[in-house]
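Hello,

Here is the structure I promised to pass along. Please have a look at it first, and then read my notes below.

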Amino acid sequence: SHLADLLSAPLDKDTKLGGKGSDVMKTESKEKLHVYRQQLVEGIHNTNNVVDHLISRGFVSIPGNLYRAITKARIEKERTRLLLDALPQMGEDAFDCFVNALRHVLLSHLADLLSAPLD
């Protein structure tokens with residue numbers, strides 16, 4: 001797939017997947033991204049704002065090739081899918097930062113979904 005090619009490509013210099021903490025995303029966080037994927041894809045209307053918030057907070061480094069793919073995707077839902085597919089590989093900090101980014105771009109209802117325990 002296109003995403004697999006991006007993620008297996010050499011990363012730009014001084015770029016790494018992950019933030020300041022664990023390089024492994026918790027199973028529950030991955031499950032939440034999977035369970036609520038459709039709501040996230042439908043509900044995020046400006047993925048670039050979410051990505052910019054993740055980067056500006058300095059907690060998440062996004063490889064340049066993935067960043068370019070997200071920002072150049074013509075369809076918004078495709079941008080969101082690319083981001084959601086990449087998040088688990090960025091570690092647990094990425095999940096927490098993603099939830100905070102959703103709140104920052106006024107999508108608290110989506111952040112609340114991801115913050116609540118799975119039943």
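**Salt bridges and the core**

Lys32 and Glu28 sit four residues apart in helix 2 (residues 27-35), so about one helical turn separates them. Their side chains meet in a salt bridge, at 3.8 Å from N to O. Lys32 is buried, with a relative accessible area of 7%, whereas Glu28 is partly exposed at 37%. Please keep in mind that this is a predicted model.

The structure holds six salt bridges, and two others are worth a look. In helix 6, Glu78 and Arg81 are three residues apart, which again means a separation of about one helical turn. The side chains of Glu78 and Arg81 meet at 3.9 Å, N to O. Glu78 is partly exposed at 35% relative accessibility, and Arg81 is partly exposed at 32%. Asp112 and Arg103 also form a salt bridge through their side chains, at 2.8 Å from N to O. Here Asp112 has a relative accessible area of 41% and Arg103 one of 33%, and each counts as partly exposed.

The largest nonpolar core has 31 residues, and Leu40, Leu87, Phe98 and Leu102 have the most contacts inside it. Helices 3, 4, 5, 6, 7 and 8 each supply at least two residues of this core. Helix 7 gives the most, with seven residues.

Which residues does Phe98 touch? Leaving out residues up to four places away in sequence, its contacts are Leu33, Leu40, Ile44, Val50, Leu54, Leu83, Leu84, Leu87 and Leu114.

Best wishes

How values were computed. Residues are numbered from 1 along each chain as its sequence is written. This is a predicted model: local features need pLDDT of at least 70, side-chain atom pairs count only at pLDDT 80 or more; totals for chains, interfaces and linings use all residues. Side-chain values use heavy atoms; hydrogens and water are left out. A nonpolar core is a set of buried Ala, Val, Leu, Ile, Met, Phe, Trp, Tyr and Cys residues joined through side-chain atoms within 4.5 Å. Buried means under 20% relative accessible area, exposed over 50%, partly exposed in between (1.4 Å probe, protein chains only). Contact means heavy atoms within 4.5 Å. A salt bridge is a side-chain nitrogen of Lys or Arg within 4 Å of a carboxyl oxygen of Asp or Glu.
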